[in-house]
Amino acid sequence: MYSLIINMKLPIYPYNLGYALSGGGARGFAHLGVLSALEAYGIKPQIIAGTSAGSLVGVLYADGYSPEEILEISEHVYFKQLVEVTKPTSGFFKTTGISDFLRKHLRAKSFEELKIPLVAVVADMHNSTTYTFSEGKNLVEAVVASCSVPILFEPQKIDGKYYCDGGIFKNLPVSIIRDQCRYVIASNVSLMQKLTKPLTMKSVAEHTFKMMSNSNVLEDSKLCDILIEVHGLEQTHMFDFDNKDKLVEIGKHAATIKLNETDTEEILSNCKKYDRLTKKI
């Protein structure tokens, strides 16, 4: 069977299928709808790359939770429970609640214990570049760092260095896993929206970060095999946790439409065929 693959001149990749999940704050709940639609189609990834909210959803999914179970454990979680107001020095909020939430629900205590490999994308504040965590026991710290929007949240200190939200440089982390995967499906829940009025410090900070993170999405969006762009989230603010069910349904609807496109169906069919082929080796 191995010789069959060689004769077909198909390059060998460590993973057949990878998911890249974008940042987006509360709009990350739409990823759950996307994941649910993909599961209904009969596919699951062998690796996940997540930025910010994408890493938060990604780590729970990689830990073995279904999209429905992730929504269930998040049902009564709101922004005020996830943060702790602090005297502004390096940020307005501490991410104590996010850490507590993950430590309570994650069964894996390290990256290696996850059922699906995860790459958490962060920004390295010392070297002003993208950095990734994919191994070791700093699982919770890495995911929290990936979610730590600058100014709003304090940077996370890991092994003596400071890290913050990966969306600064890599909000749609396709390139992070592109060379490792035969196919990559990207879910982007952070499409640009108009600046809301009246202006507040919070709305200006949120909009500024969205402009910055969206500016680096274009190149990565060209690298994936299937791009699911979730429209209809424009009125959802970064920290609006009041309409989780609605966000999930919007994500599922966007993914279902994309999965029914002819080009997408062909890619997924080839993905399934190759997956079955490699399992027989």
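Colleague: Which are the buried residues of H7?

Modeller: Leu139, Val140, Ala142, Val143, Val144, Ala145 and Ser146. Buried means under 20% relative accessible area, exposed means over 50%, and partly exposed is in between, with a 1.4 Å probe and protein chains only. Helices (H or I, at least four residues) and strands (E, at least two) are DSSP runs, numbered from the N terminus. Before going on: this is a predicted model, where local features need pLDDT of at least 70, side-chain atom pairs count only at pLDDT 80 or more, and totals for chains, interfaces and linings use all residues. Residues are numbered from 1 along each chain as its sequence is written, and side-chain values use heavy atoms, with hydrogens and water left out.

Colleague: Why is H7 described as largely enclosed?

Modeller: Because 7 of the 8 residues of helix H7 (residues 139-146) are buried, it is largely enclosed by the rest of the structure.

Colleague: And H3, how many of its residues are buried?

Modeller: In H3, 9 of the 10 residues are buried, so this helix is also largely enclosed by the rest of the structure. The buried ones are Ala53, Gly54, Ser55, Val57, Gly58, Val59, Leu60, Tyr61 and Ala62.

Colleague: What comes just after H3?

Modeller: Gly64, which takes a positive phi of about 110 degrees. Gly64 lies in the loop between H3 and helix H4 (67-73). With a relative accessibility of 37%, Gly64 counts as partly exposed.

Colleague: What is Gly64 in contact with?

Modeller: Glu69, Arg107 and Lys115, leaving aside neighbours within four places in sequence. Contact means heavy atoms within 4.5 Å. The C-alpha atoms of Gly64 and Ile116 are separated by 7.9 Å, although these residues are 52 apart along the chain.

Colleague: Which residue has a positive phi of about 55 degrees although it is not a glycine?

Modeller: Ser52 does. Ser52 sits in the loop between strand E2 (47-51) and helix H3 (53-62). Ser128 also has a positive phi, near 55 degrees, and is a residue other than glycine. Ser128 is in the loop between E5 and strand E6 (129-133).

Colleague: Ser52 first, buried or exposed?

Modeller: Ser52 is buried, at 6% relative accessible area. Ser128, at 52%, is exposed.

Colleague: Back to E2. Where is Thr51, and what does it touch?

Modeller: Thr51 is in strand E2. Not counting residues up to four places away in sequence, Thr51 touches Leu21, Ser22, Gly23, Val121, Ser146, Asp165, Gly166, Gly167, Lys170, Asn171 and Pro173. The relative accessibility of Thr51 is 0%, so it counts as buried. From Thr51 to Ala145 the C-alpha distance is 9.8 Å, across 94 residues of sequence.

Colleague: Lys170 is in that list. What does the side chain of Asp220 do with the side chain of Lys170?

Modeller: The two side chains make a polar contact at 3.1 Å. A polar contact is a pair of N or O atoms within 3.5 Å; within protein, one must be able to donate a hydrogen and the other to accept it, and residues adjacent in sequence count only if both atoms are side-chain atoms. Asp220 belongs to helix H10 (residues 217-221) and, at 3% relative accessibility, is buried. Apart from neighbours within four places in sequence, the contacts of Asp220 are Lys170, Leu172, Pro173, Val174 and Ser175.

Colleague: Stepping back, how many helices and strands does the chain have?

Modeller: There are 12 helices and 11 strands. Of its 281 residues, 54% count as buried.

Colleague: What share of the contacts is between residues 24 or more positions apart?

Modeller: Such pairs account for 76% of the contacts in the chain with a separation of 6 or more.
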